[in-house]
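Here are some exercises to work through with the structure open beside you. Try each task before you read its solution.

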Amino acid sequence: MTHRIAVIAGDGAGPEVVAEARKAVDALALDLTWNELPWGTEHYHEHGTLMPDDALHVVRAHDAVLLGAVGHPSVPDHVTLWGLLLPLRQGLDLWANLRPARLLEGVPSPLAGSPAVDMLFVRENTEGEYSGIGGRAHRGLELEVGIETAVFTRPGVHRVIRYAFELAQSRRGVVTSATKSNASRYGYVLWDEVAEEVAAEFPDVRLERVLVDALAARMVSNPLSLDVVVASNLFGDVLTDIAAVLQGGMGMAASASLAPGSGTTPVFEPVHGSAPDIAGQGIANPLGAIWSAALMLEHIGEPDAGARVLAAVESVCRDGMVTRDIGGSASTSEVGDAVAERVAGG
Ligand code: NAD
Ligand code: IPM
Ligand code: MN
């Protein structure tokens, strides 16, 4: 059966890295079609919206979305992200955001002694601090107010924690739950209670509850003590930029936005943004986008193809055929070519 993949290359470095991810997938010669959706900041300047009104409908007609990044200095970020990325995640109810962080051989570590890094983040992806609920009043006056409400629902928290436990069963069997249930006393206290309830159903997995500030420190001081980390939308967002650096840099990190157990179209994208500071120079690291494509293949029923792409990523890292951010001198497309060659040969 043909796999129908929608491509939202987006802004800045997004199209540069997505092109390389596509090369890697094309090298597999699968029965797969790409449908480019020209959504993003240019669409906004032309039509006044980041994507068309029927965007969710369009996306649902595909098996997966491969996304680059959105965000451009010409449009305020909250307009861009609430015009495309967040409505996709919320509208498709893609409640789990998987972010593997593994330091590959050959990639320089920022930490002394280069300790092993192999963590899997499971970020809640539709509610929490990014629910989009709030408002502003008394604009421009001295008493102006901005309110941003964090929303934690029992089913929303339960499903993401349960998923983290299921994933931990086939890893090292530890789930670390990140909260801030000392200063916050409602949402995260509910989160902790649900975590304990889920843990009781998984005697083979150990739960540890860690306050997010201490966890941020532990990621750096003792990364290998962490296996699966489950976190709210905001905490997962922040912690996974730290995790990206622990695996070499922003350009290395991959992600999958999923609704496990449903038939909903998932979205695969690198963790990084549109990198306006380096966009257009041909130096962006495409490996996070390529790794995201490997996750995509795994989730659309092509696990062997996904494993081949990941093996090719590992191979270019071992050989130092990489961009300057991780110690090489290759361009974005040279790295993409090297990965594609190895995929085709492997
Ligand atoms: P960013 O991730 O784009 O950049 C942070 C730093 O990482 C920069 O120094 C950048 O050069 C570097 N970097 C990022 N990707 C890289 C790559 N592939 N190779 C090498 N270096 C890379 O984050 P930012 O600067 O905070 O955000 C820029 C824009 O992207 C903003 O508009 C933001 O809202 C948006 N953004 C979008 C997404 C998304 O679409 N998924 C994610 C994060 C940020
Ligand atoms: C990410 C990004 C997004 C997020 C932004 C751009 C809305 O930072 O995917 O990590 O916070 O989810
Ligand atoms: Mn982020």
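**Exercise 1. Work out the strand order of the open sheet and find its edge strands.**

Step 1. Ten strands make up the open sheet, in the order β2-β1-β3-β12-β11-β4-β5-β10-β8-β9, with mixed pairing. Strands here are DSSP runs of E with at least two residues, helices are runs of H or I with at least four, and both are numbered from the N terminus. Two strands pair if DSSP finds at least two bridges between them.

Step 2. At the edges are β2 (32-36) and β9 (206-211), each of which pairs on one side only.

Step 3. From one strand to the next, the twist averages 25 degrees.

The model is predicted: local features need pLDDT of at least 70 and side-chain atom pairs pLDDT 80 or more, while totals for chains, interfaces and linings use all residues. Residues are numbered from 1 along each chain as its sequence is written, chains are lettered from A and ligands numbered from 1 in the order written, and side-chain values use heavy atoms, leaving out hydrogens and water.

**Exercise 2. Describe how strand β5 is joined to strand β10.**

Step 1. Strand β5 (residues 118-124) and strand β10 (residues 228-231) run parallel and are joined by four bridges.

Step 2. Look for R123: its bridge partner in β10 is A231.

Step 3. Angles run from 0 to 180 degrees between N-to-C directions, and axes are lines fitted to C-alpha atoms, for helices over the stretch in contact.

**Exercise 3. Find the salt-bridge partner of D118.**

Step 1. Apply the cut-off: a side-chain nitrogen of Lys or Arg within 4 Å of a carboxyl oxygen of Asp or Glu. The count comes to 21 salt bridges.

Step 2. D118 pairs with R172, and their closest N and O atoms are 3.7 Å apart.

Step 3. This pair links distant parts of the chain, 54 residues apart: D118 is in strand β5, and R172 is in the loop between α6 (154-169) and β8.

**Exercise 4. Classify the packing of helix α8 and helix α9.**

Step 1. Helix α8 (residues 212-221) packs against helix α9 (residues 233-246) at an angle of about 10 degrees, their axes 10 Å apart.

Step 2. The two helices, α8 and α9, are therefore roughly parallel to each other (angles under 35 degrees count as roughly parallel, over 145 as roughly antiparallel, 65 to 115 as roughly perpendicular and the rest as oblique).
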